[in-house]
Amino acid sequence: MKQLDKNSGKIKAILVIIIITLAFIWGNSLMTGEVSSSISEWFREVLNKLFHFAKSSKEVGSGHLLRKLMHFTEFMILGIELTIFKKNSKKYGRSPVILAGLLIALVDETIQLFIPGRAGMIKDVWIDFSGFMTGFILVTVVRKLRA
């Protein structure tokens with residue numbers, strides 16, 4: 001009985017973290033293009049100050065690569081979270097988790113279709129989903145190596 005209670009607490013904690021991650025991802029998609037660009041610019045400037053060897057923001061250009069890398073990273077984190085949730089809940093197989101990752105990416109890009117200055121793009125769905133699958137595969141491989 002204690003194991004069930006302990007696992008139930010883990011599942012609830014992971015669900016809260018997943019909800020926070022989804023709020024972060026979809027919250028960023030709800031920002032206008034102007035706000036999103038200014039946040040990307042600020043983040044790029046911080047990175048340039050932290051890593052002096054990196055090119056200046058003027059040389060880097062529009063920050064396109066940085067934004068794509070951030071999308072990949074946030075979805076990789078979500079992939080890790082949902083895969084850990086799957087392991088602890090023992091209710092779900094791989095397919096529903098992978099489908100959830102794809103659907104979340106589709107919703108993310110669909111949100112952007114309705115926001116001024118933003119555009120939902122199919123290539124971004126693939127970038128997001130690739131990040132998700134990277135997180136899924138990382139957890140799966142680590143789990144198999146530890147077994």
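**Before starting**

This is a predicted model, in which local features need pLDDT of at least 70 and side-chain atom pairs count only at pLDDT 80 or more, while totals for chains, interfaces and linings use all residues. Residues are numbered from 1 along each chain as its sequence is written, and side-chain values use heavy atoms, with hydrogens and water left out.

**Stop 1: the whole chain**

The chain has six helices and zero strands; helices (H or I, at least four residues) and strands (E, at least two) are DSSP runs, numbered from the N terminus. The order along the sequence is α-α-α-α-α-α. Of the 147 residues, 34% are buried, where buried means under 20% relative accessible area, exposed over 50%, and partly exposed in between (1.4 Å probe, protein chains only). Contact means heavy atoms within 4.5 Å. Among contacts between residues at least 6 apart in sequence, 73% join residues at least 24 apart.

**Stop 2: helix H1**

Select Ile19, which lies in helix H1 (residues 2-29). Is Ile19 buried or exposed? Its relative accessibility is 54%, so Ile19 counts as exposed.

**Stop 3: helix H2**

Select residues 33-50, which form helix H2 with 18 residues. From first C-alpha to last, H2 reaches 26 Å, close to the 26 Å expected at 1.5 Å a residue; the expected span is 1.5 Å times one less than the number of residues. Which residues of H2 are buried? They are Gly33, Ser36, Ser40, Arg44 and Asn48. Viewed down the axis of H2, these buried residues fall within an arc of 110°, so they line one face of the helix; the arc is that of the directions from the helix axis to the C-beta atoms. On the face turned away from the buried side, look for the exposed residues Glu34, Trp42, Lys49 and Leu50.

Next, select Gly33 alone. Its relative accessibility is 10%, so Gly33 counts as buried. Leaving aside residues up to four places away in sequence, Gly33 touches Pro116, Gly117 and Arg118. The C-alpha atoms of Gly33 and Arg118 are separated by 5.0 Å, with the two residues 85 apart along the chain.

**Stop 4: helices H4 and H5**

Select helix H4 (residues 64-89) and helix H5 (residues 94-112), which pack at an angle of about 145° with their axes 10 Å apart. Axes are lines fitted to C-alpha atoms, for helices over the stretch in contact, and angles run from 0 to 180 degrees between N-to-C directions. In H4, the contact includes His71, Phe75 and Leu78, and in H5 it includes Val97, Ile104 and Asp108. Just after H4, Lys90 takes a positive phi of about 60°.

**Stop 5: helix H6**

Finally, select helix H6 (residues 122-146). Its 25 residues should span 36 Å at 1.5 Å a residue, and its end C-alpha atoms are 36 Å apart, which agrees. Among the buried residues of H6 are Val125, Phe129, Phe132, Met133 and Phe136. Where do the buried residues of H6 pack? They pack against H4 and H5.
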